[in-house]
Amino acid sequence: MSFEEIREEKVKEIEKLLERMLPKVEGPQAKVIEAMHYSVMAGGKRLRPMLLKEASLLYGQNCEGVEEFMAALEFIHTYSLIHDDLPAMDNDEYRRGRKTTHVVFGEDLAILAGDALLNYAYETAASAVIKYPENAGIPQAFAILAGKAGIFGMVGGQSADVLNENRTEPLSLEEILFIHENKTAALIECALMCGSLLGGADLEQADRMEKAGSAIGLAFQIQDDILDAEGTFEELGKPIGSDEKNQKTTYLSLMGKEQARSKVKELTEEAVAILQEGEKRNPFLEELVLSLITRRS
Ligand code: GRG
């Protein structure tokens with residue numbers, strides 16, 4: 001099987017897992033649970049749960065708690081997308097090729113579906129703490145999950161991004177890097193760190209994963225900026241050109257296309273080199289990271 005075929009198989013497995021982990025659409029809360037399903041099951045690359053699983057394989061096999069943390073991380077990612085699309089934030093109509101959650105279910109239910117997913121993520125991860133008391137990596141992974149999603153991670157980055165939106169002077173490179181490191185890279189670092197810890201990595205090894213995740217996250221965001229400038233609606237599942245329309249400072253607008261492209265390549269190679277430092281290699285993980293340089297969606 002080609003890399004692409006293997007990746008597609010893995011995406012299908014992750015989707016089955018997510019469907020299984022979500023609460024059943026029933027009871028008085030059925031509508032908000034339906035909104036949770038609508039958003040989580042809308043497709044997407046499933047990059048974060050995939051990275052988490054592959055990082056666990058660098059240290060162990062069929063590690064306890066991996067499935068719960070894969071689902072929890074994708075639930076957190078999906079909540080962030082629902083809230084980011086709201087009228088109070090980006091006011092976007094399309095995501096993953098479908099109408100956004102607030103357009104379909106209304107703003108009130110979209111806010112609640114996001115809140116519910118964030119909470120359900122912790123409920124799901126906590127179930128692993130209880131179920132597998134012998135895996136010492138689980139409480140550590142739990143702390144990383146909460147931290148990387150929060151004010152010193154994704155929420156912190158998103159807050160800086162939102163507050164800078166109406167500024168007339170462009171952001172500095174340092175400010176852009178702070179936003180990217182937190183808004184985008186934090187969840188990618190989380191994926192690699194949690195996966196490695198669940199697989200039995202020690203804290204030093206998890207720190208190395210954090211460095212790889214930081215490089216991948218920044219490369220991922222710069223590629224996102226490039227795609228926003230030159231991708232298509234069909235590729236991205238959402239309108240393009242939003243950064244330029246909103247006169248948003250990005251790494252691309254500050255540094256230009258050539259520098260942006262070479263930075264994506266440099267950071268990706270840096271990440272792969274870190275992944276190759278350990279005792280065990282995971283060729284699929286390395287190829288997955290390299291594939292992000294040329295991703296079109
Ligand atoms: C609302 C707290 C809060 C945070 C929102 C995720 C996010 C933070 C904003 C979305 C906008 C954006 C460009 C974020 C950067 C990260 C990013 C590129 C997210 C999209 O992730 P993909 O491409 O999406 O992995 P899929 O749909 O493939 O899962």
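1. Contact here means heavy atoms within 4.5 Å. In this predicted model, Phe69 is in contact with Leu52, Ala125, Ala128, Ile138, Ala141, Phe142, Leu145, Cys194 and Leu198, leaving aside its neighbours within four places in sequence.

2. Phe69 also belongs to the largest nonpolar core, which has 83 residues. Those with the most contacts inside this core are Leu51, Leu52, Phe69, Phe75 and Leu145. Helix H9 (residues 173–199) supplies the largest share of the core, 11 residues. In soluble globular proteins, nonpolar side chains tend to be buried together.

3. The count of salt bridges comes to 25. One of them joins the side chains of Glu277 and Arg208, at 3.2 Å from N to O. The pair links distant parts of the chain, 69 residues apart: Glu277 sits in the loop between helix H14 (257–275) and helix H15 (283–291), and Arg208 in helix H10 (residues 203–230). Arg208 is partly exposed, with a relative accessible area of 23%.

4. Glu230 has a salt bridge with Lys257, where the closest N and O atoms are 3.0 Å apart. Lys257 lies in helix H14 and Glu230 in helix H10, so this pair ties together parts 27 residues apart in sequence. Relative accessible area is 37% for Lys257 and 27% for Glu230, and on these values Lys257 is partly exposed, as is Glu230.

5. Glu230 forms a salt bridge with Arg261 as well, with the closest N and O atoms 3.3 Å apart. Arg261 is in helix H14, so its pairing with Glu230 of helix H10 ties together parts that are 31 residues apart in sequence. Arg261 is partly exposed, at 40% relative accessible area.

Conventions: Residues numbered from 1 in each chain as written. Predicted model: local features only at pLDDT ≥ 70, side-chain atom pairs only at ≥ 80, totals over all residues. Heavy atoms only, no water. Core = buried A, V, L, I, M, F, W, Y, C linked by side-chain atoms within 4.5 Å. Buried < 20%, exposed > 50% of the residue type's maximum accessible area, 1.4 Å probe, protein only. Helix = DSSP H or I, 4+ residues; strand = E, 2+ residues; numbered from the N terminus. Salt bridge = Lys/Arg side-chain N within 4 Å of Asp/Glu carboxyl O.
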